[in-house]
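Q: I have just opened this one and have never seen it before. Could you walk me through it?

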Amino acid sequence: MPSPGVKSARPAHRCTDCGYSSPKWVGRCPECQAWGTLQETGAPATGLRAVAAGQVSAPARPIAQVELAGARAVPTGIAEFDRVLGGGLVPGAVLLVAGEPGVGKSTLLLEVAQRVAAANGPALVVSGEESAGQVRLRAERIGALHDRLYLAAETELSAVLAHVEAVNPSLLVLDSVQTVRSPAVEGTDGGSTQVRAVASALTGVAKTRGMTTVLVGHVTKDGAIAGPRTLEHLVDVVISFDGERHSTLRMVRATKNRFGPADEIGCFEIGDSGVVGVPDPSALFVSRRADPVPGSCVTVTLEGSRPLLAEVQALVASTGGGGSPRRAVSGLDSQRVAMVNAVVERRGRVKLADADVFAASVGGVRIAEPAADLALALAIASAAKDTPLPAGMVALGEVGLSGEIRRVGGTGRRLAEAARQGYRVALVPPDAGSPPPGMRLIEVPDLGAAFHRLF
């Protein structure tokens with residue numbers, strides 16, 4: 001019988017995905033909402049324990065005396081990829097690159113490894129999904145062969161670490177982290193426990209050796225990175241590789257970056273010769289036609305520090321057969337389109353209740369920011385009135401529920417990019433600033449004033 005004042009130890013349960021702790025087992029984790037991830041970890045500590053001071057790896061120094069030579073980014077030679085990384089690969093950094101199957105992750109990273117091997121020293125590519133011969137065929141196709149680029153096909157963590165000891169690479173590419181297992185840890189291959197153990201071990205090796213490590217990760221059917229959430233916390237940089245399967249355009253975004261901006265975007269085009277960077281992608285997202293057509297308007301989106309021209313198209317047609325009107329969206333936020341559609345009808349006096357409305361972006365680009373609201377509203381009104389907008393005009397502004405047009409961030413950079421691409425008129429909210437040389441600004445306070453000015 002326990003003595004008075006001492007509580008009996010109870011088993012603790014910890015979520016294998018997010019690390020949430022619970023004194024009792026539950027079927028669904030209250031923190032990450034995952035099912036069946038709570039496992040018993042033993043009895044919790046019943047009191048405070050004294051911890052003695054131990055050895056330190058290096059003495060603490062004033063921050064101004066910390067050396068920076070080993071923490072500076074080294075360019076890879078691929079400008080679009082360096083833009084996303086914030087300048088290049090940092091020695092000792094661990095990157096997680098995730099994307100759908102067949103989007104081009106392995107092809108791009110193979111070219112990155114070849115560039116690093118040619119400029120900075122040995123690079124090692126370990127494939128757990130393909131044989132060495134299959135990777136060699138891809139390398140020949142894209143011209144990524146080099147004497148200091150080493151290749152191995154392994155699925156055991158111990159074998160991967162043995163290759164690292166033998167090659168001593170400056171860059172390690174593991175494709176993919178879900179295919180490698182650690183014999184010292186229980187769990188199914190590719191499961192949360194195995195993925196966490198493999199990533200933790202490689203992170204420790206990367207920090208100790210100053211070796212840049214790139215981990216390729218799988219994604220779920222919802223587009224999220226597969227595996228435990230702690231995987232994203234372990235690494236220094238998280239990069240998503242996006243692109244429509246039927247389009248050659250690929251977007252590389254950094255959703256986490258400890259060494260640079262976390263919202264930069266890189267544009268690539270995939271073809272027979274590999275993945276090629278597109279330094280000026282604005283031309284891909286805007287249609288080139290001799291005469292303007294109804295239902296089309298150009299805006300300027302801002303991805304990180306990069307302004308990109310994008311075209312929004314709309315089609316308004318009468319509902320056939322008297323059924324419920326359809327609302328179809330491609331490349332835009334469906335909730336945002338529904339809101340703008342309602343504002344156009346209510347505040348802009350454009351009848352849309354008995355008409356089908358289709359809205360899409362050009363070139364496969366996805367537009368999610370509110371700066372495209374005004375362009376979307378103008379495209380819908382132009383399609384409904386069957387009246388084209390003036391040629392050489394861009395529209396910038398967020399549309400509120402009362403019909404007012406609000407300013408958006410980075411207006412100066414957006415207008416400068418539009419002027420560089422040859423646009424001479426911009427429809428903007430009031431107090432948008434001074435226009436760039438050769439451009440005229442038309443300030444409109446609300447949607448009604450914009451429609452009255454244009455139609």
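**A first look at the chain**

A: Of the 455 residues of the chain, 44% count as buried, and please keep in mind while looking that this is a predicted model.

Q: Okay, and how many helices and strands does the chain have?
A: The secondary structure of the chain comes to 10 helices and 21 strands.

Q: What box do the C-alpha atoms fill?
A: Taken along the principal axes, the box filled by the C-alpha atoms is roughly 80 × 70 × 55 Å.

Q: And how much accessible surface is there, and what share belongs to carbon and sulfur atoms?
A: The accessible surface of the chain is about 22,700 Å², and 52% of that surface belongs to carbon and sulfur atoms.

Q: What about contacts, what share join residues at least 24 apart?
A: If you take the contacts between residues at least 6 apart in sequence, 66% of them join residues at least 24 apart.

Q: Switching to charges, how far apart are the mean positions of the positive and negative ones?
A: The chain has 46 positive and 44 negative charges, and their mean positions are 5 Å apart.

Q: How many disulfides are there?
A: The count comes to zero disulfides, where a pair of cysteine sulfur atoms would have to lie within 2.5 Å to be included.

Q: Then is Cys 29 buried or exposed?
A: Cys 29 counts as buried because its relative accessibility is 1%, which is under the 20% cut-off. Cys 297 is buried too, with a relative accessible area of 2%.

Q: Let's go to Arg 306, where is that?
A: Arg 306 is in strand β14, which covers residues 306–318.

Q: Why does Arg 306 count as buried?
A: Arg 306 counts as buried because its relative accessibility is 5%, and the cut-off for that label is under 20%.

Q: Which side chain does the one of Arg 306 join in a polar contact?
A: The side chains of Arg 306 and Glu 80 are joined by a polar contact of 2.9 Å. Not counting residues up to four places away in sequence, Arg 306 touches a list of residues that includes Glu 80, Arg 83, Glu 264 and Cys 267.

Q: One more, where is Ser 22 found?
A: Ser 22 is in strand β2, residues 21–22, and Ser 22 is buried, with a relative accessible area of 9%.

Q: And which residues is Ser 22 in contact with?
A: Leaving aside neighbours within four places in sequence, Ser 22 is in contact with Ala 12, His 13 and Leu 38.

Notes. Residues are numbered from 1 along each chain as its sequence is written. Side-chain values use heavy atoms; hydrogens and water are left out. Helices (H or I, at least four residues) and strands (E, at least two) are DSSP runs, numbered from the N terminus. Buried means under 20% relative accessible area, exposed over 50%, partly exposed in between (1.4 Å probe, protein chains only). Contact means heavy atoms within 4.5 Å. Accessible areas come from the Shrake-Rupley method with a 1.4 Å probe; for residues, only the protein chains shown count as cover. Lys and Arg count as positive and Asp and Glu as negative; His and the chain ends are not counted. The place of a charge is taken as NZ of Lys, CZ of Arg, CG of Asp or CD of Glu. A polar contact is a pair of N or O atoms within 3.5 Å; within protein, one must be able to donate a hydrogen and the other to accept it, and residues adjacent in sequence count only if both atoms are side-chain atoms.
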